[in-house]
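Here is a short report on a predicted model. It covers salt bridges, nonpolar cores and a cavity.

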Amino acid sequence: MSAPNKDFDPVQVTPLDAEQVEGAVADALAAVAAAGDLEELAAASRAHGGDRSPLALANREIGALPPSAKADAGRRMGQARRRVADAVAERRAVLEAERDAAVLVTEALDLTQPTSRRPRGARHPLGLLVERVEDFFTGLGWSVLEGPEVEAEWFNFDALNFGPDHPARQMQDTFFVDPPEDGLVLRTHTSPVQARALLDHGAPLYVAVPGRVFRTDELDATHTPVFTQVEGLAVDEHLTMAHLRGALDALVVAMLGEGTVTRLRPAFFPFTEPSAELDVRCPVCAGTGVVAPGAGARAQGAATAAEEAASTRADDPAGEGAPCRTCGGTGWIEWGGCGMVNPHVLRAAGVDPERFSGFAFGMGIERTLMFRNGVQDMRDMVDGDARFSRRFGVEV
Ligand code: PHE
């Protein structure tokens, strides 16, 4: 070790020998060239160009040389260290370019790939239709109410003037809930909410009640054991059949359009007197009862391409002159029951029939969708196939 060396340095320094410096440079260049990535290059740079590298240690020896030799040695050491530094910089540029190129490959986005996103669903047309009905009644100033689907037998039948042995109880095929002594049924219609609403709110009252109802029917093209009704009930002083007719006419226009022809046909319900069925002239065959010229059964009643495609089931081909499948060849479609509220029902619900009278009606929503939108098979409505719903448009 040569003087002056003020700091104690335990490392044995390399004597300033040209060959050894050349050897250290050669080692450094080999290590730099061998670095396969930026991390290895940083390690090689530390080992061969850092403070403790052979070249750095040799550099320190310059101070101990006689002044005549200092300049020359300094230049040689400077060149040697620059060669190493240049090699590191060059290699770094190459490795950085390689890394950038690799990132472009591994993180590339192929914008032409098909999307993996699921198609948007669509609201079910029955729900949309119920909302339309609700909007109509809300517009008239009526309230929209709901009632329970598991209903007391008393509300479903007794309060509605079905006697205990009334054949009408069997007329509506009822799901009874176990145990039978609890007197609970799955409601067979929305009419029990008539009595509930009157007991809760009294008269005068104007309410619409949409909801699911249940009957022991097999699922087929025209029946489903779970379906939807909308009940209407108006109770006030001096209400007559004319008010019923007026309300129904307005409902018909709102749901089926101006110019729809209807008729009231005498019928019977224990909870209305007099009672009627509201028939709508079949919009598919325009009341003729037969398939119109040029219209296959598939396209019957389809006002738009979306509606035409609204069945996922294949239809039987039915040519011109065949009986219309929508109305069964009668030219009329039964839309729902209606009538003047039976005084017994008012009395059972705590309303004075001497002072108040009322009218009520109940429409099937599935049927409405069938003849309004040309859906020919009710099973399409319960399958849960999104293609069916989407054809009615994605409304929110
Ligand atoms: N509840 C009856 C049915 O389901 C329809 C109806 C409602 C009839 C209101 C008259 C009055 O068939």
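## Salt bridges

Glu22 and Arg83 join their side chains in a salt bridge, at 3.3 Å from N to O. Glu22 belongs to helix α1 (residues 18–34) and Arg83 to helix α4 (residues 67–106), so the bridge ties together parts 61 residues apart in sequence. A salt bridge here is a side-chain nitrogen of Lys or Arg within 4 Å of a carboxyl oxygen of Asp or Glu. By this rule the count is 14 salt bridges. Helices (H or I, at least four residues) and strands (E, at least two) are DSSP runs, numbered from the N terminus.

The model is predicted: local features need pLDDT of at least 70, side-chain atom pairs count only at pLDDT 80 or more, and totals for chains, interfaces and linings use all residues. Residues are numbered from 1 along each chain as its sequence is written, and side-chain values use heavy atoms, with hydrogens and water left out.

| Pair | N to O distance |
|---|---|
| Glu22 and Arg83 | 3.3 Å |
| Arg196 and Glu151 | 2.6 Å |
| Arg265 and Asp279 | 2.7 Å |

Side chains of opposite charge can pair when their charged atoms come close.

How exposed are the partners? Buried means under 20% relative accessible area, exposed over 50%, and partly exposed in between (1.4 Å probe, protein chains only). Glu22 is partly exposed at 41%. Arg83 is partly exposed at 39%.

The side chains of Arg196 and Glu151 also form a salt bridge. This pair links distant parts of the chain: Arg196 sits in helix α8 (residues 192–201) and Glu151 in strand β2 (residues 150–152), 45 residues apart. Arg196 is partly exposed at 25%, while Glu151 is buried at 0%.

Then comes the bridge between Arg265 and Asp279. Arg265 lies in strand β7 (residues 262–269) and Asp279 in strand β8, so parts 14 residues apart in sequence are tied together. Arg265 is partly exposed at 30%; Asp279 is buried at 2%.

## Nonpolar cores

A nonpolar core is a set of buried Ala, Val, Leu, Ile, Met, Phe, Trp, Tyr and Cys residues joined through side-chain atoms within 4.5 Å. The largest has 41 residues, of which Phe137, Leu251, Trp335, Phe359, Phe361 and Met381 touch the most other members. At least two residues of this core come from each of α5, β6 (226–236), α9, β8 (272–281), β9 (332–341), β10 (357–364) and α12. Another core, of 21 residues, lies apart from it and includes Val209, Val345, Ala349 and Phe356.

What does Leu251 contact, leaving aside neighbours within four places in sequence? Its partners are Phe136, Phe137, Trp335, Phe361 and Met363. Contact means heavy atoms within 4.5 Å.

## The cavity

A cavity is a set of points on a 1 Å grid over the protein atoms alone where a 1.4 Å probe fits but cannot get out; lining residues have an atom within 4 Å of a point. One cavity reaches 30 Å³ or more. The largest cavity has a volume of about 60 Å³, taken as the space filled by probe spheres set on the points. Its lining includes Phe137, Leu251 and Trp335. α5 (125–140), α9 (241–256) and α12 (365–373) each supply at least two lining residues.

Key
On a 1 Å grid over the protein atoms alone, a cavity is a set of points where a 1.4 Å probe fits but cannot get out, and a pocket is an open set with protein on both sides within 12 Å along at least five of seven lines; lining residues have an atom within 4 Å of a point.
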